[in-house]
Amino acid sequence: MTLRIAVPERGVVAAAARALLDATGYGTSPAGELVAPGLAAPPVKIFALPERDIPIYAAEGELHLALAGSLTVDEASMAVPVALDLDVGRHELALFTSDPRIDTEGDLNGARVATPLPNVVRRHLATSAIAAERVIPLDPAEHAVALGIADAVAALIDPRAEMARPLPAMRRLAGIRTGHLLVIDGRTPGDQATLRVKQQLLARLRAAGTASGTDLLQYDCPTSLVERTTELAGSTRPPEISTLSPGWSTVRLLVGRDRTEALVEELLDVGCRELITFVPRDHRSGRPEDDDASGSPTPDVLPVPRGLPPEVAAWTVARGRHAARP
C-alpha cells in the first residue's frame, strides 16, 4: 500500500509544508514518489492540492496524512483530527483596503469583503459587531478592491516575508487571527508495513518541526521569579526547572524562534542571568539496508532517510550566549 500525503499546492504555508516534509529525509522524485535508499516498505506519495480541499479529502478518508494551515482547518465545515500542532509556518489573516471611504475596521459596516476564508471572516465580523454587506469567497483575493469586486480584502500573509501585490500599497485595517502549520491525521493504513512508515514519518515531522521552529532557552533567575518568567515565555511545553543554589533556579524551555530575541530582553529586564539559547538540531537515522543477499524485503524494514548515513550522533548546537546586564 502507498502512504498518501497531501500538501498545499500554493499559499503562505505551502513552502513551510514542503520544507518540513523534505526535512524528514524523504526526497521527492519527478514522479512524486518519495523513495529512500534501500526502501523495502511501502512508498509514500505526495499530492499537491488546493489547501481549502485538504481537510475534505482527509475527512473522507482519501489521505493518510496531510499538512495544512490551522486557519484552513478552522475554515472547514467538518472536524478533522490533528496529529501534530507545530510551531512552524506562522501566518496571519489580516484586513486591507485601498478604498478612501474606509479608515478603520469599524467602517466595514455595509461593505463587501473578499477573502479565501469566508467562515473565519464572518465569525470575526460578527464578534466585532460589524455587519458587512457581503463576505465574498475568493482565492486569491488581493486584487478584489482594484477590480471593484470588494471594498476590502481579508488576505493570508506571512509576517516575515514580503507581501504579494497589491497588499503593500494598501492600508492595513486590522489583524483577524494568526495561524500555524498542522499535520492532519487521515485514515489508518490497513497493513502493518504502511502503518509503521506512517508512524515513522510522524515522528520525523515532530522532530523536524521542533528543530526548525523553536529555540531551547536556558537562564538562571531567583526562584521567586520562576513562575513569572515561565509565563513570559509562554512555552507550549512544560519547562525544566532545577535548583541552582539557595534562592536561585535554572530554567530550560522551548520558545518560538521568532520570539527568542525579544524574550531574552524581557528576561534580562526582570533580573535573569546567564541566558543561553540553543538551536535544536534534528538528527534522524533510518534502519540500515537489509544485508541479506537475497534482497527479499521484510515488512519491518523502514525507509532510510535520503542523504543521511545509517548512524548519526545527536548533539545540540549552541547559538550564542547573552551576558547579564550590570
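Colleague: How many helices and strands does the secondary structure of the protein chain come to?

Modeller: Helices (H or I, at least four residues) and strands (E, at least two) are DSSP runs, numbered from the N terminus. Here, the protein chain has seven helices and 16 strands. Before we go on: this is a predicted model, where local features need pLDDT of at least 70, side-chain atom pairs count only at pLDDT 80 or more, and totals for chains, interfaces and linings use all residues. Residues are numbered from 1 along each chain as its sequence is written, and side-chain values use heavy atoms, with hydrogens and water left out.

Colleague: What share of the residues of the protein chain count as buried?

Modeller: Buried means under 20% relative accessible area, exposed over 50%, partly exposed in between (1.4 Å probe, protein chains only). Of the 326 residues in the protein chain, 45% are buried.

Colleague: Which residues touch the most other members of the largest nonpolar core?

Modeller: In soluble globular proteins, nonpolar side chains tend to be buried together. A nonpolar core is a set of buried Ala, Val, Leu, Ile, Met, Phe, Trp, Tyr and Cys residues joined through side-chain atoms within 4.5 Å. The largest one holds 21 residues, and Ile5, Leu20, Leu67, Leu181 and Val183 touch the most other members. Elements giving two or more residues to this core include strand S1, helix H1 (14–23) and helix H5 (192–213). H5 supplies the largest share, five residues. There's also a second, separate core of 18 residues, with Leu71, Leu108, Val113 and Leu173 among them.

Colleague: Where is Leu3 placed, and which residues does Leu3 touch?

Modeller: Leu3 sits in strand S1 (residues 3–8), and at 0% relative accessibility Leu3 is buried. Contact means heavy atoms within 4.5 Å. Not counting residues up to four places away in sequence, Leu3 touches Pro43, Val44, Lys45, His64, Pro189, Thr194, Val197, Lys198 and Leu201. For the protein chain, 74% of the contacts with a separation of 6 or more are between residues 24 or more positions apart.
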